[in-house]
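Visitor: Could you take a close look at one part of this model for me, and describe carefully what surrounds it?

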Amino acid sequence: MPLKTLFLNPPSFEKFDGGASSRWPATREIESYWYPVWLTYPAGMLEGSRLLDAPPHHIKWQEVVEILKDYEFLVLFTSTMGWDGDQKMAEVIKQTYPNIKISFVGPPVTTSPDKALNECPAIDFICRREFDFSVVEYANGKPLNEILGVSYKDKSTGKILHNPDRPQVTPEELDNMPWATEIYHRDLDVTKYSVPFLLHPYVSLYSTRGCPAQCTFCLWPQTLSGHAWRKRSTDDVAAEMKQAKELFPHVKEFFFDDDTFNIQKVRTVELCEKLKPLGLTWSCTSRVTTDYDTLKAMKEAGCRLLIVGYESGDPQILKNIKKGATVQRALDFQRDCHKLGLVVHGDFILGLPGETRESIRNTIDFAKQLDCETIQVSIAHAFPGTEFFDYAKENGFITNEAMSDEGGHQMAHIEYPGLPVEYVMEMVHKFYDEYYFRPKAAFRVVWQAIVNRDVPRLYTEAKSFMSLRSKRNKAVRAVKEANAAKAQESVSMNA
């Protein structure tokens, strides 16, 4: 029997979504939870294991510690925002259960393994990048020095050792892995997961891994999944979807949370042919380079919504971040989606390299021209391990290391000449105001809530958003007042 293993997406800030499938770890404007897809695969390979997703199930650290009395091995998926709290609790766990083995996985330990092992002695080892087989091998008794892709401290010398990298999981291995949806059914309550623009309840899964796109800011391909695009066979995906429909008859929507779901036309059309007979409602991520025929095949197979990273409406910024797309292509793509009746959730980011007051205005106007059904406006974050982080650090644009406030909400931490952080935060709210307070946009949101019988959820989400908006506005005012005081002090000293 393998070590009895608990796979943990840990407790963190209230309403924090920083787990194993969240590319932007943060407490959202509106409470949202994505599934811990990454943890399901090794959990399915180890007999007697359990997947514990604390945030959506509102499980506190005290409960986690109590649950761990029955386990020998803890695999914890950590995040940039949650690292401090995670490592402190690992120390408590080790003190409580001295014999338990602890492994941390996720972006922060991938990019800074030495830092992780030096700061947290309770960690027995960390796994770099894809960790599926590394933790399974350890649980099955393989010595650490023989496991690829791990880093650990030698017990006799205290020296940190880095084993050779593990080859990326192959398409054949992906097909042979357990299905994520089976582990959800075994360990999770799917009604606890909610994302504002997806139908509730929903279930998400991956049909591919990796992303060949080179976007400089994107955390996942640069730290965890890699740029090599590996696809499960369409037969395997369709079989999982068929079973998932039976396992979750109450689920209204399935979501393909791939880094890039439809980047290859032939494969997308082939999968759609196999999904069509299932009669499912599903949604997915998409790039604006997807052509009309592919979108049409998706729509006919039950696709309802696309999450699209438009990022910016400024052509130069799109080049700066290596987006591989143009403003005109985005407009053509959105026109095709409108024509086909596909709903689009558009993602935008303020504060990317080259951002100015003018480029922010260009992006707001661009978003209104696109007229997506819903949008999300994020503050640019330079996560360690990304090309964006290296650029911001080298040029001295990082104002502080804190990316979030005390509640885990995103805060601006990059400042360019002539573009104060408080201005960027202020423009996030202006962006939302200008977009959603248009009569057409406001009516559309309310009407969709009525059609989908989601009016109570819309009311709750509106309250949450306005509450965070108020907190952020106070933060902006505080920064402005502090800067004004500094300026006045400087004038007084020079007088």
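Guide: Leaving aside residues up to four places away in sequence, tryptophan 282 touches Glu253, Phe254, Phe256, Phe261, Cys272, Leu275, Met298, Ala301, Gly302, Cys303, Arg304 and Leu305, where contact means heavy atoms within 4.5 Å. This is a predicted model, in which local features need pLDDT of at least 70 and side-chain atom pairs count only at pLDDT 80 or more, although totals for chains, interfaces and linings use all residues. Residues are numbered from 1 along each chain as its sequence is written, and side-chain values use heavy atoms, with hydrogens and water left out.

Trp282 is also, together with Leu306 and Tyr310, among the residues with the most contacts inside the largest nonpolar core, which has 127 residues; such a core is a set of buried Ala, Val, Leu, Ile, Met, Phe, Trp, Tyr and Cys residues joined through side-chain atoms within 4.5 Å. The element that gives the most to this core is helix H18 (residues 421–436), with 9 residues, and at least three residues come from each of domain 1 (5–162) and domain 2 (195–437), the bounds being those of an automatic or database domain assignment. Apart from this core lies another, of 29 residues, including Leu76, Met89, Ala90 and Ala122.

One of the residues touched by Trp282 is Cys272, which is buried at a relative accessible area of 1% (buried means under 20%, exposed over 50%, partly exposed in between, with a 1.4 Å probe and protein chains only). The closest cysteine sulfur to that of cysteine 272 belongs to cysteine 303, and because the two sulfurs are 7.4 Å apart, they are too far for a bond. Taking a disulfide as a pair of cysteine sulfur atoms within 2.5 Å, the count comes to 0 disulfides.

Strand E14 (282–286) is one of the elements against which the buried residues of helix H15 pack, the others being helix H13 (292–300), strand E15 (303–311), helix H14 (315–320), strand E16 (343–350) and helix H16 (357–370); helices (H or I, at least four residues) and strands (E, at least two) are DSSP runs, numbered from the N terminus. In H15 the buried residues include Val327, Ala330, Leu331, Phe333, Gln334, Asp336, Cys337 and Leu340. This helix (residues 327–340) has 14 residues and reaches 20 Å from its first C-alpha to its last, close to the 20 Å expected at 1.5 Å a residue, the expected span being 1.5 Å times one less than the number of residues. After H15 comes glycine 341, with a positive phi near 80 degrees.
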